[in-house]
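Please work through the following exercises with the sequence and the structure in view, trying each task before reading its solution.

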Protein chains: 2
Amino acid sequence: MSLSRRKFLRNTTFNAAALASIPAIVSSCISSEEKKAHTFNPGDIILFQGDSITDAGREKERELPNNSSSFGPGYAFIAASGLLNSNPEEGLIIYNRGISGNKVFQLAERWEKDCLDLKPNVLSILIGVNDYWHTRKHGYEGTVETFENDLRALLKRTKKGLPGIRLVICQPFILTNTDGVDETWVEPFKAYQDVVAKIATEFDAVWVPFQEAFNEAVKYAPEKYWTIDGVHPSMAGCQLMAQAWLKAVVG
Amino acid sequence: MSLSRRKFLRNTTFNAAALASIPAIVSSCISSEEKKAHTFNPGDIILFQGDSITDAGREKERELPNNSSSFGPGYAFIAASGLLNSNPEEGLIIYNRGISGNKVFQLAERWEKDCLDLKPNVLSILIGVNDYWHTRKHGYEGTVETFENDLRALLKRTKKGLPGIRLVICQPFILTNTDGVDETWVEPFKAYQDVVAKIATEFDAVWVPFQEAFNEAVKYAPEKYWTIDGVHPSMAGCQLMAQAWLKAVVG
């Protein structure tokens, strides 16, 4: 660690009023003892992948790293901005390549261009809600087995193409009592969440428990405060997700 | 303070690794003893106003409060998301109405619709860089005296229309050694910064010292890390600004 990095870390007394919920909500579901991917090396390339929650309306013409417009206003923007701000000497290169509506097989279709070609050192992936949701609303015929097979194949392909990659696997989540999601989602969607958790363990990934973070958050304000429709996070939800992500990945 | 709010604040031990720069950079230029506007009341309306730095490419069709797209990926999105996340029981209503390219007189032209009609309890304003910049690049003929008179008039009008309003005045900033800004900006722009500081004192506003935050940040990485062109912040810069804003306003 360089001298100035030590200076950076020295004064860690923190008036937590402004960000009071970080420790309360996030610490309640993410242990500091969890395995972390926080050994960022200088010049590391970090890639956020996923569906609309990651996409966040980003501009897709230039797709620049470390660029606000290319991130869009979502959790990935806040988390990546936090990483960049906290690690100014590391020269991190961070991409967002989430695309709205994506299911796992659609990630696979664009994986060469939107993952392997970027040669990420760290891949963060949040996927799965559309794999279930679209069976309800768009007549999508994939099953939870399709999802499991597709996700495992995608990650095997990733590890084969980029053997040293560190994986961050995010728990897909829903919030009931919202305009888009009711109790009938919970049991079938749990099967998808279980698949992601199992695969995260198989691939020795850092695990980001978004569902648990939201479950804790709704003790303080109703579901509609944290999400727009039960699937997409509100601004408060984006901040919650970013904090959970940083806590899980960096500690 | 409600019971659950106390629960929220109880566990304030914070592993600062993820956000190490908050205390180091921001605390070096913002004292915890400064007067704060952090007496947010339930249902308070908070308005972010300014130019392109605040605008951040937000969508301007709906202009919803507490909405990611209506905020765009900038410092206001991160700061507002932080406030919403940390105060889930307060029902805060937060707007972004920054517009790219604005100088003070252009804020004045849309002030009825974009400030007074919204009836904010807290107004945060970041303006001034275009009042100087456009004298260099667009032949704008306003002087620093024009700027001072216009800004004072705007805030008098605001206080008259909304007597109880609490003001947060942000220091406009530049970063030299960048593609857009060189040393010849420093002295003339300082006159604009001095005006804003003087007016912040006159109006008993909370002061957000963005220039000092960036001056501290460039000890850790070059100017181009924190800004795109010397005027607009990078993602790291957006996070730095949000943290400075929260530290100044909330503590």
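**Exercise 1.** Determine how helix α11 (residues 210-217) of chain A is placed against helix α13 (residues 235-249) of chain A, and which residues make the contact.

*Solution.* In this predicted model, the two axes come within 10 Å and cross at roughly 130°, where axes are lines fitted to C-alpha atoms, for helices over the stretch in contact, and angles run from 0 to 180 degrees between N-to-C directions. α11(A) and α13(A) are therefore oblique to each other, since angles under 35 degrees count as roughly parallel, over 145 as roughly antiparallel, 65 to 115 as roughly perpendicular and the rest as oblique. The contact (C-beta atoms, placed from the backbone, within 7 Å) joins Phe210(A), Ala213(A) and Ala217(A) of α11(A) to Leu240(A), Met241(A) and Ala244(A) of α13(A).

The model is predicted, with local features needing pLDDT of at least 70 and side-chain atom pairs counting only at pLDDT 80 or more, while totals for chains, interfaces and linings use all residues. Residues are numbered from 1 along each chain as its sequence is written, and chains are lettered from A and ligands numbered from 1 in the order in which they are written.

**Exercise 2.** Is helix α5 (residues 75-86) of chain B mostly covered or mostly uncovered?

*Solution.* α5(B) has twelve residues and reaches 16 Å from its first C-alpha to its last. Twelve of its twelve residues are buried, that is, 20 or more other C-beta atoms lie within 10 Å of their own, with C-beta atoms placed from the backbone; among them are Tyr75(B), Phe77(B) and Leu84(B). α5(B) is thus mostly covered.

Technical notes: Helices (H or I, at least four residues) and strands (E, at least two) are DSSP runs, numbered from the N terminus. The expected span of a helix is 1.5 Å times one less than its number of residues. Two residues are in contact if their C-beta atoms, placed from the backbone, lie within 7 Å.
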